[in-house]
Amino acid sequence: MTDEMKAKREKLFSSPKNGYDLVDQAALEAMEAYCETYKQYLDNGKTERECTDYTIQLAQAQGYVPYQRGMSLKPGDKVYRVNRGKSVMLAKIGRQDLSHGAQIVACHIDSPRLDFKPHPLYEDSDFAYGKTHYYGGIRKYQWVAIPLELRGVVVLRDGTVVKVVLGQGSEPKFVITDLLPHLGAEQGKKPLNEAIPGENLNILMGSRPLGQEGDSDRVKLRVMDLLHEKYGICEDDFTSAELEVVPAFNATDLGLDRSLIGAYGHDDRVCGYAALKGLFDIDVPEKTAVCMLADKEEVGSMGVTGMQSAFFDTFMEDLCQSQGVSLRVCYESSFCLSSDVTAAYDPNFAEVYEKRNESRVNYGLGICKYTGARGKGGSSDADAETVAYVRRVLDNAGVVWQIGEMGKIDAGGGGTVAQYMANRNITTIDAGVPVLSMHSPFETVGKLDCYMNYLGCMAVYNA
């Protein structure tokens, strides 16, 4: 092949490169430092409430203060507002007023899990169990025979909030038992989604009785007695509780080369942390930079703490009113990066991917022009001008990025908060980290992609 033809091919053909071939040693060192703090974020936030609390802790250390309606704001001011302890918005005020729009990164901090039912505790055959209702799109068979924790809050009738953390560190864990293979012939014939029914996702909480032989529910009584001793709660208090069953393991490096991170909750805390840290690490931006960390994405962004709530609009309207700007004018000039994870190509399951159009681990931030299912259902489908804008922003900042879809057209699909931002007349596109084993109790991401997501968020804030 002549040099002329090589030059022509390089100019005209797309040639994706592994990100490790594009970064220098200084970037690799910065990547490792960033990923260490990200792992701490995961370990400190296994529920949306914990993520919110830890976010506030980090924000206050950076000088962010609670926003009070009517507060006077000037460029460089740093404010936040919390929504019912389960979602949070932060803003760094820009040099231009909000009539020029805001640069927004929107993520979610809830993850698939198991929730305790209102009447969870029962005894059967001298075992005490907790009944659960799964939250979000899980593969139920993945949640059996692994160590589990119980986290959340119990709100007493008088309004006292009791924080519950059971199974952390060296504390005893919980488990959902599975059927032994010796007796599992019939179970093995069932499809994966049917082998473990949702009503069988009952966590084992104890087996030692309390009281005299012949008494009823002795194991349940001991479990309830221990809970009362530790937290002062009674069985009726479960009706006003939010208790979440989550995996009992922390984030860890994977691979001999330590190039990957395995953890629960990458979806979507890997993007939430990038959006947050990116906001912390920019100087005073030209346009006001806004970070939205929402709840309820895994169940459709409904509810008072979800992305469809008026919480986002109220916060933005308050900021606009402080500058005498119409909210609608702000929205029509704003840009939002809907930062949510995407599926990483997995050669072990190549049959459900369309390889030419998939994001890959270590190839950088993954842009998704559209998500949805089949005929792009449930997608905002960013226009070509928006994609070109994002390309330009990321390239100018030296961010390694790629673009792809989420599997073959008829293989399934997924959704994000993008459509709810676009419905507000905010220019929006999806971009996030490619994930292996998404929605499992132990997801896998590439460190390089995590770092590029963070750099991408900073680039958007500074655009």
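**Pockets, cavities and a helix pair**

Helix α10 (384–396) and strand β18 (401–403) each supply at least two residues of the lining of the second largest pocket. This is a predicted model, in which local features need pLDDT of at least 70 and side-chain atom pairs count only at pLDDT 80 or more, while totals for chains, interfaces and linings use all residues. Residues are numbered from 1 along each chain as its sequence is written, and side-chain values use heavy atoms, with hydrogens and water left out.

**Pockets**

- A pocket is an open set of points on a 1 Å grid over the protein atoms alone, with protein on both sides within 12 Å along at least five of seven lines; lining residues have an atom within 4 Å of a point.
- In the second largest pocket there is about 680 Å³ of space, and β18 provides the largest share of its lining, three residues.
- Of the 23 residues lining the second largest pocket, Ser 14, Pro 16, Trp 401, Gln 402 and Ile 403 lie nearest its centre.
- The largest pocket holds about 1100 Å³ of space, and among its 30 lining residues Arg 139, Met 406, Gly 413, Met 438 and His 439 are the closest to its centre.
- The lining of the largest pocket has 12 nonpolar, 12 polar and six charged residues. Here Ala, Val, Leu, Ile, Met, Phe, Trp, Tyr, Cys and Pro count as nonpolar, Asp, Glu, Lys and Arg as charged, and the others, Gly among them, as polar.

**Cavities**

- Two cavities of 30 Å³ or more turn up in a search of the whole structure; a cavity is a set of grid points where a 1.4 Å probe fits but cannot get out.
- The largest cavity has about 50 Å³ of space, and β20 (427–432) gives the most to its lining, with three residues.
- Residues lining the largest cavity include Asp 340, Cys 368, Met 406 and Asp 430.
- The volume of the second largest cavity is about 30 Å³, and Trp 143, Tyr 264, His 439 and Glu 443 are among the residues that line it.

**Two packed helices**

- Helix α2 (residues 25–44) and helix α7 (residues 266–280) pack at an angle of about 120°, and their axes are 10 Å apart.
- The two helices, α2 and α7, are therefore oblique to each other, a word for angles that are not under 35 degrees (roughly parallel), over 145 (roughly antiparallel) or 65 to 115 (roughly perpendicular).
- Their contact (heavy atoms within 4.5 Å) involves residues including Tyr 34 and Tyr 38 of α2 and Arg 269 and Tyr 273 of α7.
- By class, the residues of this contact of α2 with α7 are eight nonpolar, two polar and two charged.

How values were computed: Axes fitted to C-alpha atoms, helices over the stretch in contact; angles between N-to-C directions. Helix = DSSP H or I, 4+ residues; strand = E, 2+ residues; numbered from the N terminus. Points joined across faces, edges and corners; volume = space filled by probe spheres on them.
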